[in-house]
Amino acid sequence: MNYFWAFAVGGGICVVGQLLIDYTKLTPARILTGYVVAGVILSAVGLYKPLADFAGAGASVPLLGFGHLLAQGAQHAVDECGLPGAFTGGLTAASGGIAASLIFGVAAALAGKSRDQN
């Protein structure tokens with residue numbers, strides 16, 4: 001049943017994004033940014049944790065999870081370092097995932113063969 005709820009919630013998040021692309025003039029970059037901000041807001045008001053507990057990877061893998069990670073990192077750093085932690089905490093918390101995505105992206109680009117798209 002966990003797989004079903006992860007699929008349903010993650011799919012619902014994707015459906016909302018697709019509807020925003022299809023029926024509004026929002027660019028994909030604005031929608032992605034909106035999802036990250038929504039994750040921060042849901043985390044701040046305490047709604048993200050119950051959603052992630054219920055849906056598992058369906059809520060934590062999409063961009064809402066990245067926003068939650070940034071918010072939790074900033075909150076933890078503020079608790080430890082004070083106000084300067086608000087500027088560094090989110091980046092510190094997300095640095096492992098960002099570094100891994102860059103490394104794997106470069107490795108895939110080096111391993112793959114480039115083709116002309118014309």
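Trainee: At 35% relative accessibility, what does Leu 69 count as: buried, exposed or partly exposed?

Mentor: First, this is a predicted model: local features need pLDDT of at least 70, side-chain atom pairs count only at pLDDT 80 or more, and totals for chains, interfaces and linings use all residues. Residues are numbered from 1 along each chain as its sequence is written, and side-chain values use heavy atoms, with hydrogens and water left out. Buried means under 20% relative accessible area, exposed means over 50%, and partly exposed is in between, with a 1.4 Å probe and protein chains only. Leu 69 has 35%, so Leu 69 counts as partly exposed.

Trainee: Which residues does Leu 69 touch, not counting residues up to four places away in sequence?

Mentor: Leu 69 lies in helix 5. Helices here are DSSP runs (H or I, at least four residues), numbered from the N terminus. Contact means heavy atoms within 4.5 Å. By that rule, Leu 69 touches Ala 93 and Ala 94.

Trainee: How many residues has helix 5, and how far does it reach from its first C-alpha to its last?

Mentor: The expected span is 1.5 Å times one less than the number of residues. For helix 5 that gives an expected 27 Å. Helix 5 comes close to this, with 19 residues and a reach of 27 Å.

Trainee: Is His 68 buried or exposed?

Mentor: His 68 also belongs to helix 5, at residues 63–81. Beyond its neighbours within four places in sequence, His 68 contacts Gly 39, Val 40, Ser 43 and Tyr 48. Its relative accessibility is 19%, so His 68 counts as buried.

Trainee: Which helices do the buried residues of helix 5 pack against?

Mentor: The buried residues of helix 5 include Leu 64, Gly 65, Gly 67 and Ala 71. Others among them are Gly 73, Ala 74 and Ala 77. Their packing partners are helix 1, helix 2, helix 3 (48–55), helix 4 (57–60) and helix 6 (85–111).

Trainee: What is the relative accessible area of Gly 85?

Mentor: Gly 85 is in helix 6. Gly 85 touches Ala 74, Ala 77 and Val 78, leaving out residues up to four places away in sequence. The C-alpha atoms of Gly 85 and Ala 74 are 6.1 Å apart, though the two are eleven residues apart in sequence. Gly 85 is buried, because its relative accessible area is 0%.

Trainee: What separates the C-alpha atoms of Trp 5 and Phe 54?

Mentor: Trp 5 sits in helix 1 and is partly exposed, because its relative accessible area is 32%. Not counting residues up to four places away in sequence, Trp 5 touches Phe 54 and Ala 55. Trp 5 and Phe 54 are 49 residues apart along the chain, yet their C-alpha separation is 7.5 Å.

Trainee: Which helix supplies the largest share of the lining of the largest pocket?

Mentor: On a 1 Å grid over the protein atoms alone, a pocket is an open set of points where a 1.4 Å probe fits, with protein on both sides within 12 Å along at least five of seven lines, and lining residues have an atom within 4 Å of a point. The lining includes Ile 13, Gln 18, Tyr 35 and Leu 63. Helix 1 (2–23) and helix 2 (28–44) each supply at least two lining residues. The largest share, five residues, comes from helix 1.
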